[in-house]
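Thanks, everyone. I'll start with the ligand, move to an interface, and finish with some backbone details.

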Amino acid sequence: MSERTSESGGSAVTTIGMRVDGLTVDLHTPRGTVRAVDGVSFIAHRGRTLALLGESGCGKSMTAQAVAGLLEPIAEVTHGEIDIDGEDLLKVSRKRRRQLAGPALSIVFQDALTALNPVVKVGVQLAEPYRIHRRMSAKAARAEAIELMRHVGIPEPESRADSYPHQFSGGMRQRLLIAMAVALSPKVLIADEPTTALDVTVQAQILALLARLRKEHDMAVILITHDLSVVAEEADTVAVMYSGRIVETGPVTEVFEEPLHPYTRGLLESVPVDADRGAHLSSIPGSPPDLFSIPPGCPYQARCPLVMDVCRTDRPALITHGDRAVACHAAEGVHDDH
Amino acid sequence: MTTAQETPPAPEASKPSWFRMLLADPLAFIAAIVLLIVAFVAVFGRSIAGETATNGDLALSRLAPFSTDHGWQYFLGGDLLGRSLLGRLMVATQTTMSVSIPVVIISLVIGASVGMWAGYHRGWRETVAMRVADVVLSFPSLLMAVVVLYIFSPSIASIIAILAVTRIPIYLRTARAESAELQSRLFVDAARTFGTPSGAIIRRHIVPIVLPTLLTVATLDFCYVMLAESSLSFLGIGVQPPDVSWGLMVAQGRDQLRTQWWLSVLPGLAIVITTVSANLLASWARIASDPGQRWRLTTPRRRRAARPTIVLEKA
Amino acid sequence: MLTFLRRRALTSLFPLLAVVLGVFVLARLTGNPASLYLPENATAEAREQFSAANGFDKPIWSQLLDYFAGVLRLDFGMSLRTGEDAATMALRAFPATLQLAVVTMILAVAVALVVGCWAALRPNGLADRVSGMLSMTAASVPDFWLAILGIWVFAIMLGVLPTSGTDAGGASWVLPIAVLMIRPAGVLTQVVRGAMISALGSPYVKVARSKGASEVRVVTRHALRNAAPPALTVAGDLAVGLINGAVVVESIFGWPGIGKLMIDAILQRDFAVLQAAVALTAISIFVLNIAIDIGYALLDARVRNKAGAAA
Amino acid sequence: NSGADGSGAASGTLRVVLPQEPPTLEPCEASLTATGVVVRSNITEPLLERNPTSGELEPKLATEWTQSTPTLWTFKLRPGVKFSDGSDFTSEDAVAAIERSANNTTLACNVQGYVFGDSGKLTLAAPDATTVTVTTEAPDPLLPLRVSFIEMTQSAISTTTKVREPVGTGPYKIQTWAAGQKLTLATWDGYWGEKPGYATAEYQWREEGTVRAAMVVNGEADVATNLGADDGAGDTAVQYPNNETTALRFTNDQAPLNDIRVRQAIDMLIDRDGIIKSLFGGLGKPASQLIGPGVIGYNEALTPTKYDPAAAKALVDAAKAAGVPVGTQFRIIGRTSQFPKIAESIELMQSAFAQAGLNAKIEMMDTAAQLKYQLRPFVPDAGPIALIVMHGNQAGDAAFTVGQYFATDGAQSTGGSADLDAKIKAAAPLTGAARQQAYADVFQTQTDAVRGFAFLANMEAVLARAKTVDYTPDAATGDEMRLTDMKPKA
Amino acid sequence: MTTDLLLEVKDVSKSFHVPKGPNGNDRLRALDGIDLRLGKGETLGLVGESGCGKSTLARTLMLLERPDTGTVRFSGVDPFALRKNDLQRHRRRVQMVFQDPYASLNPRLTAAEIIAEPWRTHKDLFTTSRDRAARVRELLHLVGLRPSDANRYPQEFSGGQRQRIGIARALALGPDVVICDEPVSALDLSVQAQVLNLLNDLQRQLGVSYLFISHDLSVVRHVADRVAVMYLGRIVETGTTEEVFGHPRHPYTKALLSAAPTLRRADRDKTEKILLKGELPSPLDPPTGCRFRTRCWQATDLCATPPPASADPHGLGHTAECHFPLDGRVTAAR
Ligand SMILES: Nc1ncnc2c1ncn2[C@@H]1O[C@H](COP(=O)(O)OP(=O)(O)OP(=O)(O)O)[C@@H](O)[C@H]1O
Ligand SMILES: Nc1ncnc2c1ncn2[C@@H]1O[C@H](COP(=O)(O)OP(=O)(O)OP(=O)(O)O)[C@@H](O)[C@H]1O
Ligand SMILES: [Mg+2]
Ligand SMILES: [Mg+2]
Ligand code: NI
């Protein structure tokens, strides 16, 4: 891929926000060391949304935390490169890493209630990025924080700045978290399931907010979710993860219209559709493999309707084809047709 | 019909074994050995120690330690009555344990049952139980000790009774807090929907979950009880001779601290070593039984001291 | 907040009364103090006279009524032993213990915070292990023994501190406080360490790190305040426990406090003094509990809002 | 205040550390050790006082006293004596003081019961400013001795409540009393007698003997009393007899203690020399009777029983053969910290008893609980008991011992016999050598025929004394520590 | 539709005592005059935003909460009036599947013990342990688990498998009605389909009725015969699934439908999303009159007065509580 790339349909030229290459995370668990993220690579363009899609436990959050440098001690990044503006986040000094946290890269967590410090006023929490990175006075930072709150649509920000997180509703809390993350106009924003805990009406508000901020700040947004519909509506490109690996990537419209990987296809088919009420849904049998007993070959082999002998022995590589890429032995033929 | 699940069962064999996890923490391993020795001595000490532990020879009064001239029993020296200190320590182990263990068990059982009952039912039962616990906690336990020892004659049973009463609130509070939380859990609600009576719910669902926490508290409390018993001895209302406990030995030997230091230092050391071992083992058990913490015992040592964040330094 | 305090005060009033009542009844179970206060060969009439003079001959409920009637007039009765007003004696002894307890707790908390945080930053690291062992040992040494050892080492062998008493200024505080604080400091260190470890693992700490906050900032601004409540609870219990510890330290160091007054009153069956002293400590425990609740509320706004909730 | 430099004496302050704070300084409570040791002869003074060494009564505020009739005693007061507030000491004051201490039952002073308990009401008069007459209901040869226990106070002093801080005629007056911390006495100019060696005296109190000793060793105090041998007074230690005798008192009517062979055996099983040497660190002498030498009535002929386990075993076996249930359990009751190493001493005895086939159980109690066993009315149905008693005869006359401990109905007696009661009664009115002889006989009879006691030791204690102080403790030091006897060393 | 009425809920209200809110109010009205009916073999879907009272209603039906006012009748009997044996017999008829498959199973019990737990209270159902073991095996098979799973602990199962255990437990007493409180919202898409299929199959086999609670519109649409939409403790719209989804009459229902993301971007691009203003009001002080008026785009002053009783203009059992009910055709017009 080139430094500059053109969007599938349009002609707009976009800048690369972040490039992740071969990211591998090992977990040192009591039962032994396992690979939770296995050679994940993707590129996030500024002003665009990249969706990381996958079922619970497939390693989405682990990837996000590895990128943000927030892994638990149990986890260790063993390979990979995370490149933002020519700097490899995994190689820079601890101090430099801190300097980049905020202006270059920031993250929004799934559970807004626990991600906000329960005992610190939200105004103070929102002011922190300015205090840390711009060394502003408490007063000036507070003013910025209030501006920020207004920016994300919190009514009466002056008085609400002195409230505590529990005094906000779930949607408001999520707005606060997002506000904190975009405070320093980061180049890359990782949003780890920002709406999973929210109601549909609130989810719609938050997603709209994210989209607005993305445009205003020209951020590369990495949206982590397991909701196909959200991906369909919000993302430009999608990377489908399964068992710690990316099994398929591509522009959302194309991937959803014509999924190449049987897993993606399975997922799309299990969505209940209005038409056939009460009908048998087609579902993916079984559940994802335990990290400790990932079979050799393709991790999806046990659930795959197209499983072949080669799937049990050889691990399919992620093969790029134009905008899209897929890791499946059975899809290789499809690729050729494509 | 829907398809049966294909997931292979979790490999049992790869679950970390307790013994391996114990080996992984050398301090806890040593602590376990120490406690085993203490337990052994508590059971068999009296017979091993022999005559010299109970019948002294005034000629050997205040014999200095670390010499085997008078037999191994006198390796740690002799006390004022010329009894072997080592033997006394061994005999005292039994008394010390037969005070502290029953205290811990009694207060655990009473405190835990009341606490779980109060926490499960909430409402006035909870309020009353907590206020009673407050009363016991703000009561001068020494007064209680004097009263009990006045009304009943001073005996190990009375000491156990006093100490147990003063420790009940500790378990009561913990058990209440945990069961108040558990009673709102869904699986308890589920049991309610079958019409299960509250006693059965507490037995089946609350007890098994609260117990591990309570046992950890109990281990830590063990240390407190030994100290409290020695404080009672300091005031002269603890274990009564000819019974002997570590606490009593420390208390009686304090006058000789400057001349025959071993009379109080060695039993004091016994208390410290035992309680530190119990604490070490308890904190190990807490980690080992918590799936979220277990990695500390199973990850290679090199990684354990790592910072909570993974930040790779410039090579 | 105010309704909360009022509520808390009301629910705590019951234990307060129960303690005073309990002490009254229990004390009387320890027998008539006539033989302690009358000469060895006092006659039966003298004994009866003594009992009547002090009201010990009345049924216990009537004694109790008299007592509470007195308490309402702030009259706690006379000391059998010194003939002084019992409340005066208790109030006179109280400040010494209070000062000792306050300084002890402040120092213990300070030590625990520093050591606990330090240990929590690298769980299972060398610092953690060493401080863990030390704090466990500290928590398991008998205090009276430590007191005598301290006198021997620091006063006699090294000659740097006075053996006891209160008149050598700051130096007289060193040993009593060191002895008193060692157990609370040990226990608290462990609590702070545990609470800090869990606070440091929570999502908001991750968020703070993701904002580029330094370790110091993460610990002081974010983790510590969240780790404080459990430490506060335990510190409260330990402070209550200091009353018991004070007995030993006060009698060894000749510190004129309420712990010593109380144990003397118990041993001398000086009921009025005992009751006054217990009432005073119960009130201070009551105040302490409320202070802890206020501390909770200050530390954590969630508690403030829950304030009015049913207990 | 002088700290660790030990220059207390030079500044004219004597620092004394006591085991406990005086609960009150009320003079009529001076027979309480904690009060008397501070008050007596320092703040207030009696009319006359007993020389602890010679046993003779010596003049103090009275210059002479005579028994005008068998029931009338006349005391001549020292002229020119003033109270520390400047007022004169007159016969009216003396009458009021004696009346208050000896006759006043509302106040129930300790002295009243202790010294005057069995001597009926006194009738007092003050014929002139320097004369006091005392009329007794029955002839009382001991009246002057009894009066020596009464501290003189002002006539204006309350007769209904006790005073905490009295005004007396002694060399010192109370300067400050910071309750719980320190009591300071200061000399005053108008004292009638010899000027004391120190301008001020400071009392402090520490419960632990080791701490008291450490304070003297460390230069924080000049004198510390009531130390044990192990308390570490080092070269500041001075040994002194403290007037106390320890013993086991038997309930003579309860099996197995109702058999005199068993009681004799117990007596033989006490290793007095061993206890004194190994436990008391050499402090004390084996005792043969309940009083020490120097007290009127002390029987020189009695000797401490020899430790003889074999003979004791033989006695026990003999008793057993005669059908005595020697295996029945009896209790050894002791009072916690009554004297140093009491628990260890009892333990040693108990183990010796066990080896001889007796079954003893140790019970240590606090003072209040133990007193129920020591004083009448005794705990009913308490079973066989060997109670550890410690008796101090401060008055120096056996009358103060035998009536209480040996008479069948004595306040602290659980034995006795009709014969012994008669002898005790007969001895009371006697004087001089006859008195000595009669009481010596009482002790002999008690030991031979009744044996309600097994005596342990005439106790001694250690006093720590800074090098700068010149003072020799005597038998009375524990009860009455005269500051005037203490002088700075040159 | 409701030929054989099994469950009837009339005007049920429930409020909780809570800490005082900003307005000094300490009664939280979780349910406010709920009316519901459930027929035999029918599935009633209940949708609504978080906190609107869905679980409270479920818990009330399970007798875990006692309503303040109103009546609940199962086959004409008020279960709250039942005592002892009658009550136990009633409990067998109504069972519940819980929202959270992780929290609703005791981690210390094996799957078999969990499924057999109801019989420890209802001892007369299976008297011998052999019978019980056999029935546990049957139930395991019924919900698509293997007999060998019987002795495994909940944490050894995946979320979907756990939910199957929960369902098996609910079936252990042979109920007529199963109340499913968000049975699939904690599950992944691929697993969700498995569980929905299972519930569907069971209904066909056993003829049970479901009260199916969910906040996921597509799921409700898939399983329910009739739908009730709940907002702030009230049912604002009911009707057959086709009616409600096809022609929503309450503005809230419409907003809900429009806010839900769909897979078909093509559809989406045509219809504009209705982005509601503001948040769900606090149930501590709900708006007067129509509860939705604070967020409704067509609210007028009239809406501050209580909304009219549900009207059913087309006689299709499609009711909505609104002053200005939307015409079914409005959707197409927009
Ligand atoms: N502390 C841990 N110990 C053991 N395994 C862990 C730990 N933390 C995460 N894992 C495992 O790592 C894998 C990846 O987890 P991750 O949190 O990235 O999943 P996710 O895709 O974000 O899932 P979700 O959608 O549920 O958030 C999971 O299989 C999880 O079980
Ligand atoms: N025991 C209780 N005490 C106080 N308030 C309660 C209690 N139970 C529920 N509530 C409140 O009642 C309201 C309705 O709660 P309920 O759990 O029924 O909502 P729900 O619709 O099930 O929400 P969700 O979709 O989040 O499960 C909420 O505001 C909740 O806070
Ligand atoms: Mg995640
Ligand atoms: Mg719910
Ligand atoms: Ni099927």
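Start at ligand 1: one of its oxygen atoms has a polar side-chain atom of A:Glu193 at 2.9 Å. Polar contact here means a pair of N or O atoms within 3.5 Å; within protein, one must be able to donate a hydrogen and the other to accept it, and residues adjacent in sequence count only if both atoms are side-chain atoms.

Before going on, the ground rules. This is a predicted model, where local features need pLDDT of at least 70, side-chain atom pairs count only at pLDDT 80 or more, and totals for chains, interfaces and linings use all residues. Residues are numbered from 1 along each chain as its sequence is written, chains are lettered from A and ligands numbered from 1 in the order in which they are written, and side-chain values use heavy atoms, with hydrogens and water left out.

Back to the ligand. The side chain of A:Ser56 puts an N or O atom 2.5 Å from an oxygen atom of ligand 1. A:Met62 uses its backbone instead: an N or O atom there is 2.7 Å from a ligand 1 oxygen. How much of ligand 1 does the protein cover? The figure is 64% of the 630 Å² of accessible area that the ligand has on its own. That area is Shrake-Rupley, with a 1.4 Å probe.

Now the shell. It holds 15 residues, and A:Ser56, A:Gly57, A:Lys60, A:Ser61 and A:Met62 come nearest. Near means a heavy atom within 4 Å of the molecule. Helix α1(A) gives the most, three residues. By class, the shell has six nonpolar, six polar and three charged residues. Nonpolar is Ala, Val, Leu, Ile, Met, Phe, Trp, Tyr, Cys and Pro; charged is Asp, Glu, Lys and Arg; the others, Gly among them, are polar.

Next, chain C against chain B. Contact, meaning heavy atoms within 4.5 Å, takes in 51 residues from chain C and 46 from chain B. The buried area is about 4,600 Å², and carbon and sulfur atoms give 70% of it. Buried area is the accessible area (1.4 Å probe) that two parts lose on being put together, summed over both.

How many salt bridges cross between chain C and chain B? Two, by the rule. That rule wants a side-chain nitrogen of Lys or Arg within 4 Å of a carboxyl oxygen of Asp or Glu. One salt bridge pairs C:Arg129 with B:Asp25, with the closest N and O atoms 3.0 Å apart. On the side of chain C that touches chain B, α1(C) supplies the largest share, nine residues. By class, that side has 33 nonpolar, 10 polar and eight charged residues.

Over all chains, the salt-bridge count is 84. One of them joins A:Arg19 and A:Asp83, at 3.7 Å, N to O. This pair links distant parts of the chain, 64 residues apart: A:Arg19 is in strand β3 and A:Asp83 in strand β6 (residues 75-84) of chain A. Helices (H or I, at least four residues) and strands (E, at least two) are DSSP runs, numbered from the N terminus.

Last, the backbone. B:Pro241 to B:Pro242 is a cis peptide bond, omega near 5°. B:Pro242 sits in the loop between α8 (198-234) and α9 (246-253) of chain B. D:Arg376 and D:Pro377 are also joined by a cis peptide bond, with omega about -5°. And D:Ser41, not a glycine, has a positive phi of about 60°.
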